[in-house]
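Student: I have a new model open and want to go through it. Can you take me through the main features?

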Amino acid sequence: MRLTRRDPLPGFGLSLGVTLVWLGGLVLLPLLALLLRPMELGPLGLWHSVTEPRVLAALRLSFLGALAASAVNVPFGLLIAWVLVRYRFPGRRLLDGMVDLPFALPTAVAGLALTALYAPNGWLGAPLAALGVKVAYTPLGVALAMGFVGLPFVVRTVEPVLRDLPPEAEEAAATLGASRGQTWWRVVLPALAPALLAGFAMASARAIGEYGSVIFIAGNTPMWSEIAPLLIVTRLEQFDYAGAAAVGLAMLALSFLMLLALNLAQRLWRRA
């Protein structure tokens, strides 16, 4: 009697096939189109299209603004996650729900609200303008909007790691004579560093491609407060599809390099 060998993972072939078809249709094909469309310009035309001063200024603002906003979000996100995990106080659930507002709020509504608050005659913009600080319609306003949409990524990435970090480790360090600063530096921070880097990476990636919440507060002045996604939309409105795809390809390449560097940094930190 011949025994048939059972597959340890029933339905693996079908599941893998459906996954590859779904992934190919949603991710690989659009990326392939993004790679092929700029080739209509030729190598020289593609290079000139992505190295125009206006394009370089928009890419610089998008990436540097996203990195700056995410760098500010890391300590604030860590602080919010620490308060939500380690303390119990009235209104904690309300605060916890407010963290996810940027996920649920339409980006255009967020952009309008930020512009109304930080415009020169806004509730927060007027006092800042009196101090000589202009937020709306400047690169600072762009970074502010990027920070708004990226903060939840840091909080929600750090929160579960912080929950799994037992307070007994901090108590043991204090028992051995470590100060509060030494406990943070030698016990808490090494455990949270990979999650902080992951949150920084996700917040940066989200902010780089942000459009709706940024265009209202940015002012969209070429060479000053114009972001790369808006430049892509502008080229599409001019029926310059190859030029728009060229800017998108540049954003894709730079984003890939940035995420690769952050992943390498995360691995090095874990090995250290």
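Tutor: A term to start with: a helix here is a DSSP run of H or I of at least four residues, and helices are numbered from the N terminus. With that, residues 241-265 are 100% helix and 0% strand, with the end C-alpha atoms 36 Å apart. Keep in mind that this is a predicted model.

Student: How many helices and strands are there in the protein chain?

Tutor: The protein chain has 13 helices and zero strands. Read from the N terminus, the order of elements is α-α-α-α-α-α-α-α-α-α-α-α-α. Along the principal axes, the C-alpha atoms fill a box of roughly 85 × 65 × 35 Å.

Student: Which residues does the "transmembrane region" annotation cover?

Tutor: The unreviewed UniProt entry puts that label on residues 12-36, 56-85, 97-119, 131-155, 187-208 and 241-265. One of these stretches, 12-36, is 100% helix and 0% strand in the model, and its end C-alpha atoms are 33 Å apart.

Student: Switching to packing. How do the axes of H2 and H13 cross?

Tutor: Helix H2 is residues 42-50 and helix H13 is residues 241-271; their axes come within 9 Å and cross at roughly 70 degrees. Angles of 65 to 115 degrees count as roughly perpendicular, so H2 and H13 are roughly perpendicular to each other.

Student: Which residues meet there?

Tutor: From H2, Leu46, Ser49 and Val50; from H13, Gly243, Ala246, Val247, Leu249 and Ala250. The contact of H2 with H13 has six nonpolar residues, two polar and no charged ones.

Student: What classes do the lining residues of the largest pocket fall into?

Tutor: In the lining of the largest pocket, 24 residues are nonpolar, two are polar and none is charged.

Student: Which residues line the second largest pocket?

Tutor: Its lining is made of Leu34, Ile208, Gly209, Gly248, Met251, Leu252 and Ser255. The volume of the second largest pocket is about 160 Å³. H13 gives the most to this lining, with four residues. By class, the lining of the second largest pocket has four nonpolar, three polar and no charged residues.

Notes: Residues are numbered from 1 along each chain as its sequence is written. This is a predicted model: local features need pLDDT of at least 70, side-chain atom pairs count only at pLDDT 80 or more; totals for chains, interfaces and linings use all residues. Side-chain values use heavy atoms; hydrogens and water are left out. Axes are lines fitted to C-alpha atoms, for helices over the stretch in contact, and angles run from 0 to 180 degrees between N-to-C directions. Helices (H or I, at least four residues) and strands (E, at least two) are DSSP runs, numbered from the N terminus. Angles under 35 degrees count as roughly parallel, over 145 as roughly antiparallel, 65 to 115 as roughly perpendicular and the rest as oblique. Contact means heavy atoms within 4.5 Å. Ala, Val, Leu, Ile, Met, Phe, Trp, Tyr, Cys and Pro count as nonpolar, Asp, Glu, Lys and Arg as charged, and the others, Gly among them, as polar. On a 1 Å grid over the protein atoms alone, a cavity is a set of points where a 1.4 Å probe fits but cannot get out, and a pocket is an open set with protein on both sides within 12 Å along at least five of seven lines; lining residues have an atom within 4 Å of a point. Grid points are joined across faces, edges and corners, and a volume is the space filled by probe spheres set on the points. UniProt positions are given in the numbering used here, feature names are shortened, and annotations may be inferred rather than shown by experiment.
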